[in-house]
Amino acid sequence: MYGRKASELVKEFASCEPGQLSTFNNDLFTQVLEECDGHLLHLQPLMRKIQDHENELKDCRRSEDDIGSSEDESRKSEAEKLVIQNALKSNQFGALVHHLSLVRNKRCLMAYIHNRAEVIRNLGWMVERVLPEEIQEKLSSSEEEYFKNHVATLQSYTSEVDLQLNVDMVPPKDPFVKVRVLDDIGQIMLSDQVANLARHAIMFLRRTDAEQYITQGQMEELTS
Amino acid sequence: MDSDAGLGSTADDYESLLSTTDAELWKSAWRNEKAAPEILKYDVDLIQRSRQQIQLMEEMADEFNKNGVDPLTVSLYQMDLDRTMFLMRSYLRTRLQKIEKYVFHIQKTAEQWNRLSRQEQKFAKRYATDLEHHLDQSVLSKLPDQYRSHLRQSAASEEDDMVPEPKLDTYVICKSKKYLGSFQLDDG
């Protein structure tokens, strides 16, 4: 059945949790591309046959106009025309089916890539430059390149506008927050002081400094 | 203050004075941008003025810190600064996200392209090139010739039908600024 593999690909993407990526399904992807090539192989000869039939019909009509035909001859040419028209229609329908399946496969493939790219972009807001290992395994090589390009584009915009855009994701309630450090980060230069971020330390930091570590999971906010 | 005017009009004066402050302008620009499905006009003057004011505020806050002024005052100024910065950052972020969603449509319509700031236009161009390159590399180069466009489904399509457009007929919540009387909506 045409288009089944492509819809499997789309369903696989939809069944992941939103915001999570599954491994790039290279096998299924290449299978759909092969199906597209198959459609093209069917489509090209059909289009040629359609062109031939249309030419034949034109010839029939022209020969009818030229020769003043008798009744017998006109009936024969009508029958001929009918045969050609039926063949033309069946080829046209076949070509339409192949064309539409090809378009559907194209849409499914593009939807898969496009939505994965959207998830990758959202990751770019949370992470500075390098993706963690577990996520990097799930991307195809083209997606990794896209991520790097996207981060570079964002950074060039940020430096032009001169404003850090990935802090303050939530409206601020307090200028300072109490955080507990979960991972051993060591000595870090913050906006107005140097701090030693040891594991399990409870610190009172500026919100803009702490937010980056909170989104990466290296610190947690103490709200009580 | 006018002594002849009644209480109603001084309240109006106060309201109109309040509505021209930068804070109000920021709030309404931010709210509009968040609620609208398409990208709105970029307010160049507001951003420039606000940047200058933010710089002044930061210098003032640093001075206060050094001079050991009452920490409550300092933290209030800091809060004000933080909240303005949040509004500005969130405004720019929302605009960027809308550009990312509808970049091909924005590039096609000149009117929408003019609503972007210069830096946003540069960002949009680079972003569109990145996305096209990624799509080409993964999918489009492997498809047959007539199906290689990222804007059209195939060479036989009459218009660019693969470009997502912002839905201009979604429902939005509006607040009226003054009493308008009753008027007819589209569906009765």
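A:Asn105 counts as buried because its relative accessibility is 0%; buried means under 20% relative accessible area, exposed means over 50%, and partly exposed lies in between, with a 1.4 Å probe and protein chains only. This residue has its place in helix H3 (residues 71-126) of chain A. Helices (H or I, at least four residues) and strands (E, at least two) are DSSP runs, numbered from the N terminus. Leaving aside neighbours within four places in sequence, A:Asn105 is in contact with A:Gly3, A:Ala6, A:Val32, A:Glu35, A:Cys36 and A:His39, where contact means heavy atoms within 4.5 Å.

The model is predicted: local features need pLDDT of at least 70 and side-chain atom pairs count only at pLDDT 80 or more, while totals for chains, interfaces and linings use all residues. Residues are numbered from 1 along each chain as its sequence is written, chains are lettered from A and ligands numbered from 1 in the order in which they are written, and side-chain values use heavy atoms, with hydrogens and water left out.

Helix H3 of chain A also holds A:Arg116, whereas A:Glu143 lies in helix H5 (residues 141-161) of chain A. Side chains of opposite charge can pair when their charged atoms come close. Both A:Arg116 and A:Glu143 are buried. By the rule for salt bridges, the count over all chains comes to 12.

Chain A also contains strands. Strand E2 (residues 186-189) and strand E3 of chain A run antiparallel and are joined by four bridges; two strands pair if DSSP finds at least two bridges between them. A:Gln187 has A:Asn196 as its bridge partner in E3 of chain A.

In chain B, the side chains of B:Glu33 and B:Arg95 meet in a salt bridge, at 3.2 Å from N to O. The pair links distant parts of the chain, with B:Glu33 in helix H2 and B:Arg95 in helix H4 of chain B, 62 residues apart. B:Glu33 is buried because its relative accessible area is 1%, and B:Arg95 counts as buried because its relative accessibility is 0%. The side chain of B:Arg95 also meets that of B:Glu120 in a salt bridge, at 2.9 Å from N to O. Here B:Glu120 lies in helix H6 of chain B, 25 residues from B:Arg95 in helix H4. B:Glu120 is likewise buried, with a relative accessible area of 0%. Salt bridges that share partners join B:Glu33, B:Arg95, B:Lys98 and B:Glu120 into one network.

Two members of this network, B:Glu33 and B:Lys98, are among the residues that B:Glu38 touches, not counting residues up to four places away in sequence. B:Glu38 is found in the loop between helix H2 (22-35) and helix H3 (44-67) of chain B, and counts as buried because its relative accessibility is 18%. The side chains of B:Glu38 and B:Gln112 are joined by a polar contact of 3.1 Å. A polar contact is a pair of N or O atoms within 3.5 Å; within protein, one must be able to donate a hydrogen and the other to accept it, and residues adjacent in sequence count only if both atoms are side-chain atoms.

Helix H6 of chain B also contains B:Glu132, which counts as partly exposed because its relative accessibility is 28%. Not counting residues up to four places away in sequence, B:Glu132 touches B:Phe104 and B:His150.

The remaining topic is the interface between the chains. The contact takes 40 residues from chain B and 48 residues from chain A. About 4,200 Å² is buried between the chains, and carbon and sulfur atoms give 64% of that area; buried area is the accessible area (1.4 Å probe) that two parts lose on being put together, summed over both. The rule finds two salt bridges across the interface. B:Glu100 forms a salt bridge with A:Arg121, with the closest N and O atoms 3.5 Å apart. On the side of chain B that touches chain A, helix H4 (71-108) and helix H6 (118-138) are the elements that give two or more residues.

Key. A salt bridge is a side-chain nitrogen of Lys or Arg within 4 Å of a carboxyl oxygen of Asp or Glu.
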